[in-house]
Amino acid sequence: MNLRVREATTDDARLIAELTRAAWAGKVSVTSSGHRETAVIVAEHLRDGGGFVLEVDNQAIGSVRWLPLDSEQDVWEVCRMGVLPGHRGTNLSQHLLEAVIHHGLTSGVQEVRLAVRADQPKLIDFYAAYEFELAEELEYSHANPLEPPPLVMRRLLRH
């Protein structure tokens with residue numbers, strides 16, 4: 001298996017929107033805005049933050065994005081991480097998460113945050129393995145007001 005994580009460009013916007021919708025289908029609550037992802041939204045995220053595409057044998061199978069907080073540019077929020085159903089269960093998403101962490105470290109970012117949906121608590125242990133800690137005092141800036149608030153986790157990159 002030939003695995004590659006590459007930085008996303010605006011040319012990937014449609015691909016990433018399709019990957020997100022496909023990765024979230026049947027996995028994430030239908031009320032999630034990820035099911036209505038568009039190339040326009042993805043292009044905005046890539047412009048304002050960034051993203052990575054995960055490829056196996058030259059086929060895109062997953063993606064992730066991050067956005068700096070409006071109030072704190074040296075804090076990134078990870079959003080829309082997903083891997084296609086046929087490639088789950090082999091921890092491939094860890095490569096996406098590690099890419100964001102590494103990019104944050106090399107970019108001098110203070111902290112990386114992510115949200116865990118209330119209906120997916122098993123992900124807390126996954127993220128904890130990558131030194132993310134629950135931060136109950138924080139709110140996720142992209143939370144859907146029609147759903148229970150997600151749990152926010154953070155990883156400090158600089159102390």
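Me: Which residues are linked in a network of salt bridges?
Reply: This is a predicted model, in which local features need pLDDT of at least 70 and side-chain atom pairs count only at pLDDT 80 or more, while totals for chains, interfaces and linings use all residues. Residues are numbered from 1 along each chain as its sequence is written, and side-chain values use heavy atoms, with hydrogens and water left out. A salt bridge here is a side-chain nitrogen of Lys or Arg within 4 Å of a carboxyl oxygen of Asp or Glu. The network formed by such contacts links E72, E111, R113, E137 and R154.

Me: Are R113 and E111 buried or exposed?
Reply: The side chains of R113 and E111 meet in a salt bridge, at 2.4 Å from N to O. Buried means under 20% relative accessible area, exposed over 50%, and partly exposed in between, with a 1.4 Å probe and protein chains only. By that scale, both R113 and E111 are buried.

Me: What is the relative accessible area of R155?
Reply: R155 forms a salt bridge with E131, at 3.9 Å from N to O. R155, by contrast, is buried, and its relative accessible area is 15%.

Me: What is the relative accessible area of R47?
Reply: R47 meets D48 in a salt bridge between their side chains, at 3.1 Å from N to O. D48 counts as partly exposed at 43% relative accessibility. R47 is exposed, and its relative accessible area is 59%.
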